[in-house]
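Please read the points with the model open beside them.

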Amino acid sequence: LQNTRLLELYNAITLGASSFLTAEYKLCALFVIVVFPAMWVALGALPGISFVVGAVTSMISGLIGMKVAVFSNARCTVGACSPTVGWTHSFNTAFRAGGGMGFSLTGVALLSLYALILGLRPLFGSEQTDLMHLFECIAGFGLGGSSIAMFGRVGGGIYTKAADVGADLAGKVVENLPED
C-alpha cells in the first residue's frame with residue numbers, strides 16, 4: 001500500500017515537473033526568438049548564433065537536472081522507507097545523483113561550447129586578433145546560458161513558493177494541522 005502511494009506521488013511530481021518545464025521553456029523559447037534578431041542587428045550573426053546555442057544548452061541541462069532530481073528523490077524516499085535499506089542507501093543515492101548530475105551538466109556545456117568553437121573556427125584566420133574576434137563571438141554562449149538559467153531560477157522560485165503556500169493551506173484547512 002505504501003509503495004502504491006509513493007508511486008502515485010512520484011507520477012504526480014513527475015507530471016508537475018514536466019508541465020512546469022514545458023510552460024517555462026515556451027516562454028524561454030519566445031525570449032530567445034525575440035533576443036536573437038536583436039543580437040544579430042546589434043552584434044552580428046555569430047554572437048546571435050552563440051546565444052541560441054548557449055540557451056538551448058541551458059534548456060537541455062535544466063531538463064536533465066529536473067529528470068535526475070525527481071527520479072533520485074523518489075529512490076531516496078523508497079530507500080528511507082524501507083527498513084532493510086535504510087538511510088545510508090538514501091544518502092548514497094542522493095550523493096551519487098548529485099555528483100552524476102553535476103558532471104553530466106558540465107559535460108553537456110563543455111561539449112556544446114567545444115562544438116560551437118569548432119563550428120565557428122573556420123570562419124576566422126589564425127592571427128591572434130582573429131582568434132580574439134572568435135572568442136568575442138563565443139561570449140554570446142554565456143549570455144544565452146545565463147539568461148535561461150535566470151528564467152529557471154526566478155520561475156522555479158515562484159513555482160516553489162506557490163507549492164509551499166498550497167501545502168501550508170492544505171495542511172491547515174484539510175488536515176487541521178498547526179502552523180509549521
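**Notes on helix packing and aromatic pairs**

1. Start with two helices. Helix α2 (residues 45-81) packs against α3 at an angle of about 165°. Their axes are 9 Å apart. Bear in mind that this is a predicted model.

2. How do α2 and α3 run, roughly parallel or roughly antiparallel? Angles over 145 degrees count as roughly antiparallel. At about 165°, α2 and α3 are therefore roughly antiparallel to each other. Their crossing is right-handed. The contact of α2 with α3 has 16 nonpolar residues, twelve polar residues and one charged residue.

3. Next, a residue of α2. M66 is found in this helix. With a relative accessibility of 25%, M66 counts as partly exposed. Which residues does M66 touch, leaving aside its neighbours within four places in sequence? They are A17, F20 and L21. Take M101 as well: M66 and M101 are 35 residues apart in sequence. In space, C-alpha to C-alpha, M66 and M101 are 9.6 Å apart.

4. Now the aromatic rings. A pair of such rings is described by the distance of the centres and the angle of the planes. How many aromatic pairs does a search of the whole structure find? The search finds five.

5. F31 and F151 make an edge-to-face pair. Their ring centres are 4.9 Å apart, and the planes stand at 65°. Why does this pair tie together parts that are 120 residues apart in sequence? F31 lies in helix α1 (residues 2-43) and F151 lies in helix α4 (residues 128-173), so the pair links those parts. F31 is partly exposed, at 26% relative accessible area. F151 is partly exposed too, at 27%.

6. F91 and F95 make a stacked pair. Here the centres are 5.9 Å apart, with 25° between the planes. Both residues lie in helix α3 (residues 86-120). They are four residues apart, about one turn of the helix.

7. One last point on the rings.

Terms used:
Residues numbered from 1 in each chain as written. Predicted model: local features only at pLDDT ≥ 70, side-chain atom pairs only at ≥ 80, totals over all residues. Heavy atoms only, no water. Phe/Tyr/Trp six-rings, centres within 6.5 Å; stacked < 30°, edge-to-face > 60°. Buried < 20%, exposed > 50% of the residue type's maximum accessible area, 1.4 Å probe, protein only. Axes fitted to C-alpha atoms, helices over the stretch in contact; angles between N-to-C directions. Parallel < 35°, antiparallel > 145°, perpendicular 65-115°, else oblique. Left-handed = near helix turned anticlockwise from the far one by under 90°. Nonpolar A, V, L, I, M, F, W, Y, C, P; charged D, E, K, R; others polar. Contact = heavy atoms within 4.5 Å.
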